[in-house]
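This report concerns the salt bridges and strand arrangement of the structure shown below.

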Amino acid sequence: MNNRKYIIVTNEQIAADIWSMRLQGNTEDISMPGQFVNIQLPGLYLRRPISVCDWSENELRIVYKVVGEGTAYMSRLLPGAQLDILTGLGNGYDML
């Protein structure tokens, strides 16, 4: 688990209350499907746990549903904004 800074590349609504966010940053701690990240949001006490949808060497994608104050805040974030994220969380699962 590592605390890292990520830059929002895109943050787009893909369905009713569903958003897709691409983030640029170090993804070396993400190694298996099923892992998640914890996102710190300014002014909110608890981090938001979000499953990783996809990742590559320097980018990850999350898909989230707006259900409360934290995810509503996330839906208003614009490309270029920086987020503090804990990565490499969870055991993941084997695809075999």
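Salt bridges link Arg4, Glu28 and Asp29 in a network; a salt bridge here is a side-chain nitrogen of Lys or Arg within 4 Å of a carboxyl oxygen of Asp or Glu. The model is predicted, and local features need pLDDT of at least 70, side-chain atom pairs count only at pLDDT 80 or more, while totals for chains, interfaces and linings use all residues. Residues are numbered from 1 along each chain as its sequence is written, and side-chain values use heavy atoms, with hydrogens and water left out.

Side chains of opposite charge can pair when their charged atoms come close. Across the whole structure, the search finds 5 salt bridges.

| Pair | N to O distance |
|---|---|
| Glu28 and Arg4 | 3.1 Å |
| Asp29 and Arg4 | 2.9 Å |
| Glu59 and Arg22 | 2.8 Å |

In the Glu28 and Arg4 salt bridge, Glu28 belongs to the loop between β2 (18-24) and β3 (36-40) and Arg4 to strand β1 (residues 2-15), so the contact ties together parts 24 residues apart in sequence. Strands are DSSP runs of E with at least two residues, numbered from the N terminus.

Accessibility is described in three classes: buried means under 20% relative accessible area, exposed over 50%, and partly exposed in between (1.4 Å probe, protein chains only). Glu28 counts as exposed because its relative accessibility is 59%, whereas Arg4 is buried, with a relative accessible area of 17%.

Turning to strand pairing, β3 and β6 run antiparallel and are joined by 4 bridges; two strands pair if DSSP finds at least two bridges between them. Within this pairing, Asn38 has Leu86 in β6 as its bridge partner. Strand β6 (residues 82-89) is largely enclosed by the rest of the structure, because 7 of its 8 residues are buried.
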